[in-house]
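Subject: Structure handover and findings

Hello,

Here is the structure you will be working with. Please open it beside this email and follow along.

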Amino acid sequence: MLRREFLMLLGSAWALDPPAAPLSPIHFVYRPIEFRLDSCETPDRHAPETMAGGVAVFDYNNDGYLDVFFTNGADIRTLKKTSPRYFNRLFENDGKGNFKDVTMKAGLAGLGFSNGVAIGDYDNDGWKDIFVAGVHGNVLYHNNGDGTFTDVTEKAGLNKPDVQYGPLWSVGGAWLDVNNDGLLDLFVVNYMAWDVSTERRCEVRPGVNDYCSPLLYKATPNQLFLNNGDGTFLDVSADSGIRAHLGKGMGVGVADFDLDGRMDMFVTNDKMFNFLFHNKGGGKFEEVAFDAGVALTENGQFISGMGVSCKDLDNDGYPDIEFVALENETFPVFRNGGKLVFTDMTDASGMSRLSAPMAGYSPNVADFDNDGWKDLFVSRGNVEAVQRGGLEVDQHNTVFRNLGQWRFAALTAEAGFTTRPPARHRGAAVGDFNGDGLLDIVVSAISAPAEIWINDSPNSNHWLALELQGVRSNRDGIGARIKVVAGGTSQYDQRCFAAGYASSSAGPVHFGLGPHSSAELVEIRWPSGIIQQLKNVPADRLLKIKEPAE
């Protein structure tokens with residue numbers, strides 16, 4: 001009798017106080033930021049309305065704290081920012097992950113319909129500049145070093161219309177040094193030909209429009225601008241071989257895929273073959289996506305290629321390719337086997353099964369739990385706006401934890417993302433906003449508040465962050481190849497700011513070291529060819545590294 005009463009009491013206590021759920025190895029908490037992406041969404045559903053939202057993370061004032069820049073829309077018919085609700089916004093970080101709006105002081109409100117952003121110090125003066133990609137107009141802002149920026153687009157020669165294709169719709173870009181002359185050049189990703197006056201309407205039910213398929217629009221060329229070193233740029237799109245390939249570009253990943261010392265570009269296209277532009281040297285590129293095995297996924301179907309990241313997922317030293325698409329198209333991952341040969345690992349890794357119900361925009365690869373394996377964060381949301389059938393328009397974000405050996409675990413509610421309503425998320429960028437050694441995330445969303453996700457993952461893993469300063473190489477060190485050895489295990493990264501969809505993560509290069517409190521070796525191969533080594537480097541710190549003169 002006594003045993004029965006004890007069991008009844010135990011059962012009651014269990015019901016009142018259930019055991020705590022196991023802690024997720026990667027977890028975030030939401031923090032608000034006073035920005036709302038306004039793309040002037042109308043019942044007509046003009047294509048640019050659903051494609052806005054690039055975000056940048058960078059230190060605009062060199063105070064050591066990572067700030068946030070949001071691109072924003074405009075009146076869809078005039079492509080003018082006719083109201084403050086359309087202003088681009090710059091937020092200054094106080095070092096604790098709290099942000100204040102400094103847009104007007106900085107002079108960055110903008111003029112047209114802004115879509116994407118690329119960060120880079122194009123003049124090597126030590127202050128990061130901003131390229132804003134937009135619908136029928138791009139802008140280059142020079143960082144004056146006093147908290148303000150100057151529009152230098154005309155002076156730079158970046159405002160010239162395309163004589164063959166007319167006004168281009170640029171969704172983003174990337175800074176890279178294509179000829180290793182120590183000056184950052186500019187690659188611009190262009191989407192499709194668009195004209196508000198002639199655009200078709202696509203009804204999903206009587207009197208209700210949604211966004212039309214990209215198949216109904218014409219393709220356009222991407223662009224490459226060579227840095228002349230005097231504040232001006234030369235359009236070498238045709239001479240380099242880039243212009244010959246028409247596409248509907250949505251993202252660009254920059255990496256030295258074959259480790260030949262020259263930066264290459266992978267471009268995702270919407271319902272078309274992807275491009276892999278291999279840098280041959282001498283200012284020439286060859287498009288090798290089919291030969292490399294990345295033009296299509298292994299089922300041979302055209303998919304809605306969105307944003308892209310090109311990071312080393314398996315720690316073998318070769319940058320892999322990760323991009324995202326819409327529901328039932330999966331989030332493809334390609335393993336780089338060296339010599340420009342890739343293997344589609346989407347099915348073998350389980351990513352097909354995990355991502356099939358999802359629609360993604362901005363993939364960001366980073367080690368969010370500092371265990372030494374880079375994870376994959378995806379901002380999620382549908383391109384469509386009208387709920388119908390089984391279509392999930394608003395979605396929660398997801399992080400795919402890298403388990404090693406090409407296996408992933410999808411964390412959504414577990415990571416804390418369901419504490420906010422689902423949304424049509426767009427651009428995303430990564431950086432350590434509060435200096436705790438854990439990488440945080442900022443995400444934009446169509447007609448919804450932006451989101452800051454502060455990383456509070458429950459572990460005691462160690463980390464190392466590297467801030468590079470080129471001397472013979474470009475000042476940002478973009479293109480540098482980095483090897484870190486901790487506990488006898490090697491991992492690799494390449495310095496690049498292009499991130500996901502239309503975004504830029506321009507913070508230090510971050511390595512998780514797991515249980516190891518130091519790195520036996522940090523090796524940097526600078527774009528100049530100089531190899532620099534540091535040994536027995538203590539963990540849990542930001543290390544500023546300047547390139548040797550020789």
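Is Gly 338 buried or exposed? Gly 338 is buried, because its relative accessible area is 5%; buried means under 20% relative accessible area, exposed over 50%, and partly exposed in between, with a 1.4 Å probe and protein chains only. The model is predicted, so local features need pLDDT of at least 70 and side-chain atom pairs count only at pLDDT 80 or more, while totals for chains, interfaces and linings use all residues. Residues are numbered from 1 along each chain as its sequence is written, and side-chain values use heavy atoms, with hydrogens and water left out.

Loops and phi angles

Gly 338 sits in the loop between E24 and E25. Helices (H or I, at least four residues) and strands (E, at least two) are DSSP runs, numbered from the N terminus. From Gly 338 to Ala 366 there are 28 residues in sequence and 21 Å in space, C-alpha to C-alpha.

Lys 339 belongs to the loop between strand E24 (333-336) and strand E25 (342-344). Lys 339 is exposed, because its relative accessibility is 78%. Its phi is positive, about 55°, although Lys 339 is not a glycine. Most residues other than glycine have a negative phi.

Asn 180 is another residue other than glycine with a positive phi, near 55°. Look for Asn 180 in the loop between strand E10 (170-176) and strand E11 (185-190). Asn 180 counts as partly exposed because its relative accessibility is 30%.

Salt bridges

The whole structure has 19 salt bridges. A salt bridge here is a side-chain nitrogen of Lys or Arg within 4 Å of a carboxyl oxygen of Asp or Glu.

One of them joins the side chains of Asp 314 and Arg 335, at 3.0 Å from N to O. This pair links distant parts of the chain, 21 residues apart: Asp 314 is in the loop between strand E22 (308-309) and strand E23 (321-323), and Arg 335 is in strand E24. Asp 314 is buried, at 15% relative accessible area, whereas Arg 335 is partly exposed, at 30%.

Asp 371 and Arg 401 form a salt bridge whose closest N and O atoms are 3.6 Å apart. That pair also links distant parts of the chain, 30 residues apart, with Asp 371 in the loop between strand E26 (360-366) and strand E27 (375-380) and Arg 401 in strand E28 (residues 398-402). Asp 371 is partly exposed, with a relative accessible area of 22%, and Arg 401 counts as partly exposed at 21% relative accessibility.

In the salt bridge between Arg 525 and Glu 523, the closest N and O atoms are 3.6 Å apart. Arg 525 counts as partly exposed at 35% relative accessibility, and Glu 523 as buried at 12%.

Empty space

Rolling a probe the size of a water molecule over the atoms shows where empty space is left. On a 1 Å grid over the protein atoms alone, a cavity is a set of points where a 1.4 Å probe fits but cannot get out, and a pocket is an open set with protein on both sides within 12 Å along at least five of seven lines; lining residues have an atom within 4 Å of a point. Grid points are joined across faces, edges and corners, and a volume is the space filled by probe spheres set on the points.

How much space lies in the second largest pocket? The second largest pocket holds about 820 Å³. It is lined by 39 residues, and the closest to its centre are Gly 137, Asn 138, Leu 158, Asn 159 and Lys 160.

There are two cavities of 30 Å³ or more. The largest cavity has about 70 Å³ of space. Its lining has 14 residues, of which Gly 173, Val 252, Gly 500, Ala 502 and Ser 503 are the closest to its centre. At least two lining residues of the largest cavity come from each of E10, strand E18 (249-255) and strand E36 (498-499).

Regards
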